[in-house]
Amino acid sequence: MALCALPDWERAEEQLRTFLSHAPSRHQIAEALTDLADLQQAVHVDPDSLQPITARLRDALDDSA
């Protein structure tokens, strides 16, 4: 998720697709969401660009229930 800080949104989306294609556990998805929240606190990240990534992670978390 460090690609979001660069910001390299195209590669971040690609990394997200790869991550989700490996059927991550609920814990891994929640950890990724926490990491993104921490990233937003540490550096300026465009929230409009980050929103689709966090939304996909939240959807994946809901789907893994």
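Predicted model: local features only at pLDDT ≥ 70, side-chain atom pairs only at ≥ 80, totals over all residues.
**Helix α1**

Start by selecting residues 9–21, which form helix α1. The helix has 13 residues. From its first C-alpha to its last it reaches 18 Å, close to the 18 Å expected at 1.5 Å a residue.

Within α1, pick out W9, A12, E13 and L16, which are buried. These residues lie on the same side of α1, because the arc they cover around the axis is only 100°. As background, an α-helix has 3.6 residues a turn, so residues three or four places apart point the same way.

Now turn to the other side of α1 and select E10 and S21; both are exposed.

Move on to A23, which sits in the loop between α1 and α2. Its phi is positive, about 50°, although A23 is not a glycine. Is A23 buried or exposed? A23 counts as exposed because its relative accessibility is 63%, where the cut-off for exposed is over 50%.

**α1 against α3**

How do the two axes lie? The axes of α1 and α3 come within 10 Å and cross at roughly 5°. The two helices are therefore roughly parallel, since angles under 35 degrees are classed that way.

To see the contact, show the side chains listed here:

- from α1: W9, A12, E13, L16, R17, F19 and L20;
- from α3: S49, L50, P52, I53, R56, L57 and A60.

**I53**

Keep α3 on screen and centre on I53, a residue of that helix. I53 counts as buried because its relative accessibility is 0%, and the cut-off for buried is under 20%. Next select W9 as well: I53 and W9 are 44 residues apart in sequence, while their C-alpha atoms are 9.2 Å apart in space.

**The nonpolar core**

Finish with the largest nonpolar core, which has 15 residues. Which of its residues touch the most other members? Select C4, W9, L36, L50, I53 and L57 to see them. At least two residues of this core come from each of α1, α2 and α3; to display α2, select residues 26–42. W9 and I53, the pair visited at the previous stop, are both among the residues of the core that touch the most other members.

Definitions and conventions: Residues numbered from 1 in each chain as written. Heavy atoms only, no water. Helix = DSSP H or I, 4+ residues; strand = E, 2+ residues; numbered from the N terminus. Expected span 1.5 Å × (residues − 1). Buried < 20%, exposed > 50% of the residue type's maximum accessible area, 1.4 Å probe, protein only. Arc of directions from axis to C-beta. Core = buried A, V, L, I, M, F, W, Y, C linked by side-chain atoms within 4.5 Å. Axes fitted to C-alpha atoms, helices over the stretch in contact; angles between N-to-C directions. Parallel < 35°, antiparallel > 145°, perpendicular 65-115°, else oblique. Contact = heavy atoms within 4.5 Å.
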